[in-house]
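Please look over the sequence and the model, and then follow the points below by topic.

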Amino acid sequence: MNKNRKWFATATAFVLLLSVLLSACQPQTVEVPKEVIVTQIVPGEVQEVIVTQVVEVVPTPINYGNITWLSTQLRPVQEAEKVRGVILDDFPGKVEFIPEDEGPFHDRITAEVRTGQGTIDILGALHGNFSIMAPEGQLQDLTYMKDRLADRNIPDSFWNVAKLGTDKIYYVPWMQATYVMAINKKALDYLPAGVNVEALTYDDLLNWAKAIFEATGDRKLGFPAGEAGLLHRWFQGFLVPSFSGGVVTTFGTPEAAEGWQWMKDVWQYVNPQSTTFNFMQEQLLSEEVWIAWDHVARLKDALEASPDLFLVVPVPAGPKGRAFMPVIAGLAIPVTTTNQAGAEALIEYLTQPKVQITTLREVGFFPVVEVEFPGFVSPGIRMEGEAVGKQAGSPDALPALLPQGLGAKGGDFNKVFRDTFTRIVLNNQDINTVLAEQKVILQSIMDEAKAPCWAPDPDSDGQPCQVK
Amino acid sequence: MSRNPLLIQHLLRFLTYIAAILVALWVLMPIYLIAVAAFSEMLAVYKFPRPFVPVNFTLDTLLFFLKSGGVMKSVQSSVVVALLTLLFSTLIGAPAGYAIARFVFRGRDAFRLVVVSTRAFPIVILSIPLAVMFIRWGMYDSIYSLALMHTALALPFTILITSSVFASVPRDLEEAAQTLGCSPLEAFIRISLPLALPGLAAATLFTFVLSWNEVFAAVILTVRNRTLPALVLTVLSESQLPYRFAGGFFMMVPSLIFMLFIRRYLFNLWGRVTK
Amino acid sequence: MPPIRRRQNWLPYLLLLPSIIFLFIFFAYPMVESFLLAFRGNDGGFTLENFNIMVKDVAFTPAFRTTLILLVLIIPIQFVLALTMALLVQAKLKFSGLFLYIYSIPLGISELAAGIVWFAIFTERGYLNTILMGLGILEKPFIFLGYENTSWILFAIVIAEVWRATSIIMVILVAGLQAIPHEFLEAADIFGANLWQKVWRVILPLLKPSLQVALILRTILAFQVFAVAIAIAGRGVTLLAAEAYRWYNSYRNPHVAAAYAVLILVLSITSTVLYLWGLRTPEEQSL
């Protein structure tokens, strides 16, 4: 008898459990207004009238399926995990986020486009990467996305840059960043009197580094001059424009020579192991370096780890202004995509204000859309954000845009600046000789690429930019 | 007087031991340092003076690494690719090595030169044509086709190493066995093969490790079915320093395990087993 | 007795055939296409301009010089060390299996890991400075890897590469040593040869094939490997293979990159020919 009871109890429990589960699993219904034809009987007539009724409907969930996303951005292990685990959380589809080195990134898309068979659905990369790919016919025309994303209020200047010197938009602006300076507070003890650390000039910086060297015997200024370091951007977007007012047109002017002289002078106070530095956050954390210039994403880890130890300030100002270069990362769709709808949906998702804020919070890249700044970013990111704002908003701010229209010559363009640095600063060659020789190379690059000038150089009306 | 040779012998023996141990320490020291850093807490990596023991021993960094996207699956892919590569390259390469060693024929040197030149060209530059080729043949993004590519990469080494070992086995032994009635094949199997076993073991060891650590072809030829180096090595160099140590350490482990198994075969026990 | 080779003239070719086919399929087309890139300009026509650019480049002469210096330093050191290790392993010590295992461990280390750890040793805030300061030899960390200290940088690269790549050679030599029938060595002992004589007169000559192969392989790899050098030196020094990589990946100019690759190929083949000729075994001499 006991056995029977037990069996009965178990069965009941089972049935109850099952029914609970089943009911929970029933698709939830939604009330949706729908237009329905209703037959009305009016005295003397039978009429069919269209009436709006509220009807219960089971919504079919949209699922964009598998999307393969290849990206040169957010490569470091931690960042990639944040993308997969947090940023993509609410997206209705299965996104495979694949970080890739720049070289293989280009090689792969080139190979896929060449054979017409793709596996990559959407691309995430920098303006510089896209400017190489568009002339090769690897990217789709995304001009229609501008209208679709009209409510995001992405600045027109970004959309224009995304045209890569043509009349079609090739990528959708996704995130932005720039370069700032991060300072270990210990260095403040040596700051020369009267200098405002939030509004440094190049001379201030030189004197400061010199003061530290004379007091401690150590060279505590650092630049990312290593293999993967972004030193060429320092020259293109900061040093040369700040001294000469331009990038290409003024490359060989005496003012530019002054800038290179400054670099040579300051290098005596720069940590000589800089040629191995790629991400200044490491040197800041190990205290090999007290004053560093680098991309915000490459300073972030130090600032997050010890926000009280550091200070973030705008870059210095030269005779012609406080030049800085904004970096724009974008999303593009390769011509060989296998999931067009999914790619577009992912672009729309990643540019949502909510997701842009999440992106900022998780990986430190700033939004391109209009957002209300949340109160809950980490102190490190807040410091960066404030410095970025001050830098862009300072009275002598001089935006130096990303190189445009260089196509395949983008790499050669960077090499010119890198080589100029190597020859003048590391190999101690005569500044004017080097500039004269590099000028010629630079001009041939501009001519071959047929690239017109970009800010802060004066507009060249579509003609290849001329080095004076 | 008669004690001196014995003393000298013992002294030499002792010195030999010391030498062996010193060399072993030199080899182990950097590995130890990687392990220390991999098992320390994250910020310890930036400390100076550098610590020589793990600071706050923790598995966190390694665990983060292991749990990050696709690592376990890529380990599986790497193992399959490496084992396939090993199999193919030995099957195809060892006979060629034997041919080079044993036979003198026209084109022998030319063949060796050609084999070597395939590896003398930096593979990075082959990326696009290779990818195009693989896509066109429908071999893209497959670990089996990657194994074939790795075989091609390992073949020159396998051929050359096995040829050198077969060349070291004096041909007289084979010929002697034949005069004693063995067929050439029997002579090969009973005499040359055992003596050459360490060479084959060396070649397989080499091939496994080469395939395991190979990154260029793996990166360009796979998208979703990545091997561990393809997944990890390219992005690791930009990840934070603690992850670089953790990743480097983790990459090492399977090679070490494989070598543990193979090393027995590197020893021939000098042909005559004293059992 | 008729020599084997006459009866089975086709056998070697048969044994070689699978390898030839394999290598042809996987290397012929890509290599030819990449090789030709060096001789093509942007417009597709034949040109030597890429080589011109390569040779006139700021980094060419330093890269060429540094590559050769490293080769000349690393290879002899590695061979002596590898031979020593191989002999130590063969010395019938207790635990020789363990020693063999330990000595082979670097074989399984990726270039990235090797680069990371040796950088961590030589960097300003690194292990070497920790030891030197701990011993009181230094008051402040010495910057070994600063671009001004080319000698120290080369020293660090040599040590790192020797550490990383000697096992490859050692394993080949051990396999070669194993194939020497030990009667030869017993005979040497009976004739009263000491260690030095044994090595010089018996082992080395019999090891010639292995030495030749190890040298060829190691030299070819040495012309191409640069990951450890970049990890340690960054942009402080440069190598031919590093320049090839940079031109391809960073500057995105596959033509000049291919020019560097062709140069590397030519240098590798030249040294291979030299080794094949210089380390001939008697069998080959009769050709």
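With 105° about the S-S bond, the disulfide between A:Cys453 and A:Cys465 is right-handed. Both cysteines lie in the segment that follows helix H16 (431-449) of chain A, so the link ties together parts that are 12 residues apart in sequence. The model is a predicted one.

**The disulfide**

- Over all chains, the count comes to one disulfide.
- The sulfur atoms of A:Cys453 and A:Cys465 are 1.9 Å apart.
- A:Cys453 has a relative accessibility of 10% and therefore counts as buried, the limit being under 20%.
- A:Cys465 is likewise buried, and its relative accessible area is 0%.
- In general terms, a disulfide is a covalent bond between the sulfur atoms of two cysteines.

**Chain A**

- The secondary structure of chain A consists of 16 helices and 14 strands.
- Chain A has 468 residues, and 56% of them count as buried.
- If one considers the contacts in chain A between residues at least 6 apart in sequence, 73% of these contacts join residues at least 24 apart.
- Leaving aside residues up to four places away in sequence, A:Val388 touches A:Thr178, A:Val180, A:Val296 and A:Phe366.
- A:Val388 and A:Val296 are 92 residues apart along the chain, and their C-alpha atoms are separated by 9.0 Å.

**Chain C**

- Chain C contains 14 helices and zero strands.
- The C-alpha atoms of chain C fill a box of roughly 65 × 60 × 25 Å along the principal axes.
- Of the 287 residues in chain C, 60% count as buried.
- Among the contacts in chain C between residues at least 6 apart in sequence, 68% join residues at least 24 apart.

**The interface of chain A and chain B**

- In this interface, 29 residues of chain A are in contact with 30 residues of chain B.
- The two chains bury about 2,800 Å² between them, and carbon and sulfur atoms account for 59% of that area.
- A:Val77, A:Arg108 and A:Glu282 supply 21% of the area that chain A buries against chain B, which is more than any other three residues supply.
- Three salt bridges are found across the interface of chain A and chain B.
- One salt bridge joins the side chains of B:Arg224 and A:Glu96, with an N to O distance of 4.0 Å.
- Between chain A and chain B there are also 11 residue pairs in polar contact.
- Helix H2 (77-87), strand S4 (94-99), helix H3 (102-115), helix H10 (280-286) and helix H11 (300-305) of chain A each supply at least two residues of the side that touches chain B.
- Helix H3 of chain A gives the most to this side, with eight residues.
- By residue class, the side of chain A that touches chain B divides into 10 nonpolar, seven polar and 12 charged residues.

**The interface of chain C and chain B**

- This contact takes 106 residues from chain C and 109 residues from chain B.
- The area buried between chain C and chain B is about 9,700 Å², and 79% of it comes from carbon and sulfur atoms.
- Zero salt bridges are counted between chain C and chain B.
- Across this interface, 13 residue pairs are in polar contact.
- Helix H2 (residues 11-37) of chain C provides the largest share of the side of chain C that touches chain B, namely 19 residues.
- The residues on that side of chain C comprise 78 nonpolar, 19 polar and nine charged.
- As a general matter, the size of an interface is often given as the accessible area lost when the parts come together.

Conventions
Residues numbered from 1 in each chain as written. Chains lettered and ligands numbered in written order. Predicted model: local features only at pLDDT ≥ 70, side-chain atom pairs only at ≥ 80, totals over all residues. Heavy atoms only, no water. Disulfide = S-S within 2.5 Å. Helix = DSSP H or I, 4+ residues; strand = E, 2+ residues; numbered from the N terminus. Buried < 20%, exposed > 50% of the residue type's maximum accessible area, 1.4 Å probe, protein only. Contact = heavy atoms within 4.5 Å. Buried area = accessible area lost by both parts, 1.4 Å probe. Polar contact = N/O pair within 3.5 Å; in protein donor to acceptor, adjacent residues only side chain to side chain. Nonpolar A, V, L, I, M, F, W, Y, C, P; charged D, E, K, R; others polar.
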